Amino acid sequence: MTVARGSRKTPSASKPARKTASGSRNATSVVGVDQANARHRAALLEAMLRIRRFEERCVELYSAAKIRGFVHLYIGEEAVAVGVSEALTPEDGVVSTYREHGHALARGIPAEAVMAEMYGKATGCSGGRGGSMHLFDASRRFYGGNAIVAGGIPLAAGLALADHMRARPHVTCCFFGDGAFAEGEFHETANLAALWGLPLLLVCENNLYAMGTALERHEAQTDLAMRAASYGMVAWAVDGMDVEAVESAARRAAGAIRAGAGPHFLELRTYRFRAHSMYDPDRYRDKAEVERWKARDPITRLTDRMREEGRLGERELARLEKQVAEEVDRAVEAAEQAPEEPVQDLLRHVTSAPPEGD
Amino acid sequence: MAAGRRPREAETTYREALREALREALRSDDRVFLMGEDVGRYGGCFGVSLGLLEEFGPERVRDTPLSESAFVGAGIGAALAGLRPIVEIMTVNFSLLALDQILNNAATLLHMSGGQLPVPLVIRMTTGAGRQLAAQHSHSLEGWYAHIPGIRVVAPATIDDARTMLAPALTDPDPVLIFEHGSLYNASGELDASAPPVGLDHAAVRRPGTDVSLIAYGGSLPKALDAADELATDGISAEVLDLRTLRPLDDAAIASSVARTHRAVVIDEAWRSGSLAAEVSARIAEDSFYELDAPVERVCSAEVPIPYARRLEEAALPQTADVVAAAHRAVG
């Protein structure tokens with residue numbers, strides 16, 4: 001059992017591809033690996049930009065009353081969804097929270113399907129029945145979109161239990177926030193998963209606030225990784241603003257889980273730059289604190305690193321931005337044009353049997 | 001059927017019938033497993049799963065920690081991932097600890113996901129009073145669950161139903177809650193092995209009659225049958241309708257019984273206010289108003305947390321004499 005308390009670094013700071021190359025004396029192959037690394041970083045950057053620009057557009061659309069209900073923005077936390085998703089295969093399961101646009105996009109759900117869901121359209125990834133908080137895609141094993149804090153965690157344990165009983169080499173990844181630590185469902189499930197050795201990756205996005213209540217105001221003991229470790233599972237605290245650190249830790253944890261080491265817990269220290277939801281006046285946070293965290297923006301951090309190493313040209317960055325902007329434009333356009341779910345289908349999907357009169 | 005009587009040769013108890021249904025399900029489908037508190041080594045808190053651990057092993061007869069929310073949620077997740085879990089909760093009062101999972105996930109995921117995520121989960125639990133277990137082990141909250149769209153709620157009241165309702169519950173693509181009344185476990189009778197499967201869609205007339213319909217379910221069925229016997233000696237022919245499935249209600253069976261008898265007494269061990277009895281009465285008023293020759297009568301529990309002392313508990317619960325009196329009022 002390892003606990004990296006207060007660590008700002010991943011347990012393995014080295015990058016997997018480089019590690020592979022370290023023994024090589026062949027200069028050509030090192031160049032090849034560097035190129036692969038650069039491509040990988042560009043992919044991470046693109047994935048984070050997609051989430052950021054998608055959500056910035058959501059804010060505009062909310063102001064324009066195209067999107068309603070609760071919308072919880074992930075801006076600032078993109079490194080978590082993107083880094084963790086890198087460690088998952090298409091066969092793995094993902095359970096998420098109500099702040100899940102980032103998880104859904106990082107999982108590969110097309111921006112069009114997510115945006116259409118925000119619009120409440122029939123082409124949305126939940127047929128317009130879920131909205132921002134309830135994105136689903138069974139084909140990608142993306143199980144929502146759970147808006148009861150910690151309510152998705154037991155369900156994730158069940159997905160993992162099924163894989164465990166069937167001896168399938170899959171991981172179920174469950175995202176939740178620091179607020180979930182105050183819920184019994186987290187503690188019940190942490191115990192159950194450790195007791196049964198389930199292939200479960202518990203990903204705590206510690207953004208320091210349970211809605212408006214700061215971590216030290218809702219937890220008597222704020223070292224979350226240590227508390228998770230007390231259940232007998234491996235737990236690491238990781239810098240959640242560094243996408244490569246997140247990826248490295250998630251790969252290591254997922255690898256161990258696949259090898260039969262049972263549940264792992266990652267506390268990813270992160271921060272949301274925007275308010276809790278569109279209704280939140282954000283009165284409980286110090287503006288200076290928000291600015292301090294913004295200085296650690298995961299996108300800027302990665303682009304700076306790539307520039308320093310001469311691996312990111314301005315043209316390349318502009319190309320990525322343009323590509324993502326066009327993708328978001330297409331998603332909005334498609335959502336605008338998409339049909340509404342017909343009202344006569346209101347009772348569909350309440351049970352698997354067609355409603356009476358069908 | 002009579003509670004507390006020792007079974008004769010060839011007779012089966014309600015408990016054994018439930019166990020046989022579980023055994024058959026575990027044998028016939030390797031996706032099925034049983035999970036809950038003390039279902040394994042202890043043999044089930046009411047002895048229902050006794051011997052199943054030895055036959056099927058700890059993976060498929062799975063003891064859980066006392067974490068209702070976690071293991072009910074785990075059942076939901078396992079169902080989503082292709083298994084067919086049967087989750088046992090000790091009593092309906094304890095199920096409140098898992099209410100988030102049952103309502104916000106099991107009943108909701110199919111619709112909220114636009115039809116992508118059916119939850120083929122079976123949850124069994126004990127309900128009801130009559131054993132002096134006081135106010136945290138005795139309530140009848142199945143009517144609350146029957147309020148929820150997206151789940152099916154059933155209440156086997158006979159040995160045959162105890163034996164046969166599990167299989168169709170497991171083939172249902174949606175969550176099914178099975179309520180076993182605690183007073184029925186020792187009830188015994190002969191199991192009709194040749195009876196055709198009856199499914200989960202229909203209520204059943206347990207005794208035909210012409211003067212009044214006694215509409216009951218679960219632990220109230222024996223009381224309704226006893227009341228019908230007594231009414232017969234008074235020259236009143238009572239029909240006894242066993243609802244069997246509490247959601248969705250078999251409206252046609254209720255209406256057709258009332259059309260035969262023109263009078264209805266609804267017996268429900270839950271509290272009267274906002275009860276399933278209220279729902280059944282409202283449907284009779286909506287669907288069968290012009291068939292009625294008398295106001296609908298309800299026999300429910302007193303509006304009190306069920307007390308421990310025998311005399312108090314008996315006074316709180318619907319009794320056969322109360323059903324007889326209500327039927328007399330209806331018949332006039």
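In this predicted model, 26 Å separate the centres of domain 1 and domain 2 of chain B, taken over C-alpha atoms, where the domain bounds come from an automatic or database domain assignment. Domain 1 of chain B covers residues 11–190 and domain 2 of chain B covers residues 204–331. Residues are numbered from 1 along each chain as its sequence is written, while chains are lettered from A and ligands numbered from 1 in the order in which they are written. Because this is a predicted model, local features need pLDDT of at least 70 and side-chain atom pairs count only at pLDDT 80 or more, whereas totals for chains, interfaces and linings use all residues.

**Confidence**

- Chain B averages a pLDDT of 96, and 97% of the residues score at least 70; pLDDT is the predictor's confidence in each residue, from 0 to 100.
- For the complex, the predictor gives an ipTM of 0.93 and a pTM of 0.93.

- The contact between the domains takes 24 residues from domain 1 of chain B and 20 residues from domain 2 of chain B, two residues being in contact if their C-beta atoms, placed from the backbone, lie within 7 Å.
- On the side of domain 1 of chain B that touches domain 2 of chain B, at least two residues each are supplied by α7 (142–145), β6 (152–154) and β7 (176–181) of chain B; helices (H or I, at least four residues) and strands (E, at least two) are DSSP runs, numbered from the N terminus.
- With three residues, β6(B) gives the most to that side of domain 1 of chain B.
- By class, this side of domain 1 of chain B has 11 nonpolar, 10 polar and three charged residues, where Ala, Val, Leu, Ile, Met, Phe, Trp, Tyr, Cys and Pro count as nonpolar, Asp, Glu, Lys and Arg as charged, and the others, Gly among them, as polar.

**Between chain B and chain A**

- In the contact between the chains, 33 residues of chain B meet 33 residues of chain A.
- The elements that give two or more residues to the side of chain B that touches chain A are α3 (68–80), α5 (99–106) and α6 (109–112) of chain B, and the largest share, 10 residues, comes from α3(B).
- The residues on this side of chain B divide into 15 nonpolar, 15 polar and three charged.

**The seven-stranded sheet of chain B**

- Seven strands of chain B form an open sheet with mixed pairing, in the order β3-β2-β4-β5-β7-β6-β12; two strands pair if DSSP finds at least two bridges between them.
- Because β3 (61–63) and β12 (245–247) of chain B stand at the edges, each with a single partner strand, one side of each is left without a neighbour in the sheet.
- Neighbouring strands of this sheet are turned by 20 degrees against each other on average, direction ignored.
- Strand β5 (residues 122–127) of chain B runs parallel to β7(B) and is joined to it by six bridges, and R124(B) has I178(B) as its bridge partner in β7(B).
- Helix α3(B) packs on the sheet, where it touches β2 (32–36), β4 (84–91) and β5 of chain B, and its direction makes about 160 degrees with that of β4(B); axes are lines fitted to C-alpha atoms, for helices over the stretch in contact, and angles run from 0 to 180 degrees between N-to-C directions.

**The five-stranded sheet of chain B**

- A second open sheet has five strands in the order β9-β11-β10-β13-β14 of chain B, and its pairing is mixed.
- At its edges stand β9 (204–207) and β14 (297–301) of chain B, each with a single partner strand, so one side of each is left without a neighbour in the sheet.
- Strands β10 (residues 212–216) and β13 (residues 264–271) of chain B run parallel and are joined by three bridges, with S213(B) standing opposite A264(B) in β13(B).
- Helix α10 (residues 221–233) of chain B lies across β9, β10, β11 (238–242) and β13 of chain B, running at about 170 degrees to β11(B).
- Helix α11 (residues 251–261) of chain B likewise lies across β9, β10, β11 and β13 of chain B, running at about 180 degrees to β11(B).

**Backbone details**

- The peptide bond from R247(B) to P248(B) is cis, with omega near -5 degrees, and P248(B) lies in the loop between β12 and α11 of chain B.
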